[in-house]
Structure formats: C-alpha cells, structure tokens
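Here are my notes on the model you sent over.

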Amino acid sequence: MTHPAASPIEGRLTSPVRTALTIIAGAALMTIAAKTQIPFWPVPMTLHTLAVMAFAVTFGPRIAVAIFLTYLAAGAVGLPVFSGSPERGIGLAYMAGPTGGYLAGYLVASWMVGTLALGNGTFGRLSAMLIGLVTVYALGVAWLAAFVPLDRLLGVGVIPFLLGDLVKISLVAAGGAMLPAVFAQLRGKRS
C-alpha cells in the first residue's frame, strides 16, 4: 500500500530487486549527468543539479538519497564518477577537495527536496528545489572557503553557476508538470 504522501514512483518500487536496480541505474545516470558538459554562459554546465533534483522530486527522499549515496560510494572507492575526474583527482581526495561541500549539499538536498516536494504541485516542487539549491550553495561555499579567499567565494562558487542551475530546476519543474498529462493522454488513447 502506498503512503498518501509518497512520491509518484516511490510507492511503486515495492520489490527490493526493482528498488536496487533503480538505485544502481540512478547512480549511473548521476554519473552521466556529472560528466555531461553543455556550453553555457558564463561557464559550461553539467546536468548534476538537474539529476539530483529530478530524482528527489520523482522518487522521493528515500530513493533519491540512496541513489546519491551509491554515487558517492562509487566515487569514494576511486571510480571516476565525478565531474572533472579523473583529471582533477579521484576517490576521497577528490571528495575532500574544493567541490566536497557541493557533494555534501547535493546529498542533503536529495533528502530535503524529496521530502518537501512530496504531494505538492508544480509550485511546491519548484519551491522545494529552490530551497535545495540554497542548501547546495550554502554547504558548497562554506567548504570552498577553505580553498578560496573569502572575497572571491561568490564569484568562484555561486555566480558562474546560478543561472544554469535555475534553468535546470525550471526544466525539472516544467517536466514534472507536463509528464502526468502526457501519461494520462497516452493511457486515454489506449482505451
């Protein structure tokens, strides 16, 4: 039985095998998202934020956190899953580097966004993602402060990425609003 506030997909993942496969596939997609570079201004963007937010909104907090923990575990053991790896390092050394706070922020945002978005419409999910994004930046910049002078933190750790991240969460919100209608329409045509 599905909890009334469960995410649309989380309630359907009843089989432990199906859940495990979803988590492994999600971690693989997270890797692809981190490695994908799209030309954008002022810096190229990856799809990391898009994947984190989409998994949280779609699967809910439990599965989204499991996906991100699996992704982090793969990276911790040295698999080149992170953006910029292996060129900028691998394993725990990469995770303890300048982007470590953002990785921690994504983990917290996976839970936070998944929890806040449950049972909400488009505006509620968008609001949850904005709160999650603030969390990612707060933890990211706090950690980055150990590597970058304080007067350069926003210019290095937030401003170049903010527009791209806002575009990505807008795409997730729009996709989340359109997909139920598409599925309903497809079900209606099959009848």
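**Aromatics and core**

1. Phe-55 and Phe-59 sit four residues apart in helix α2, about one turn of the helix (helices are DSSP runs of H or I, at least four residues, numbered from the N terminus). Both Phe-55 and Phe-59 are buried, meaning under 20% relative accessible area with a 1.4 Å probe, protein chains only.

2. Before going on: this is a predicted model, where local features need pLDDT of at least 70, side-chain atom pairs count only at pLDDT 80 or more, and totals for chains, interfaces and linings use all residues. Residues are numbered from 1 along each chain as its sequence is written, and side-chain values use heavy atoms, leaving out hydrogens and water.

3. Phe-82 and Tyr-94 make a stacked aromatic pair, 4.9 Å centre to centre with 10 degrees between the planes. (Rings of Phe, Tyr and Trp, the last by its six-membered ring, pair if their centres lie within 6.5 Å; planes under 30 degrees apart are stacked, over 60 edge-to-face, the rest tilted.) This pair links distant parts of the chain, with Phe-82 in the loop between α2 and α3 and Tyr-94 in helix α3, twelve residues apart.

4. Phe-82 counts as buried at 1% relative accessibility, and Tyr-94 does too at 6%. Together with Phe-68, Tyr-71 and Tyr-106, they form one aromatic cluster.

5. Leu-103 has contacts (heavy atoms within 4.5 Å) with both rings of that stacked pair, Phe-82 and Tyr-94. Leaving aside neighbours within four places in sequence, Leu-103 also touches His-48, Phe-68, Tyr-71, Leu-72 and Met-95.

Conventions. Helices (H or I, at least four residues) and strands (E, at least two) are DSSP runs, numbered from the N terminus. Buried means under 20% relative accessible area, exposed over 50%, partly exposed in between (1.4 Å probe, protein chains only).
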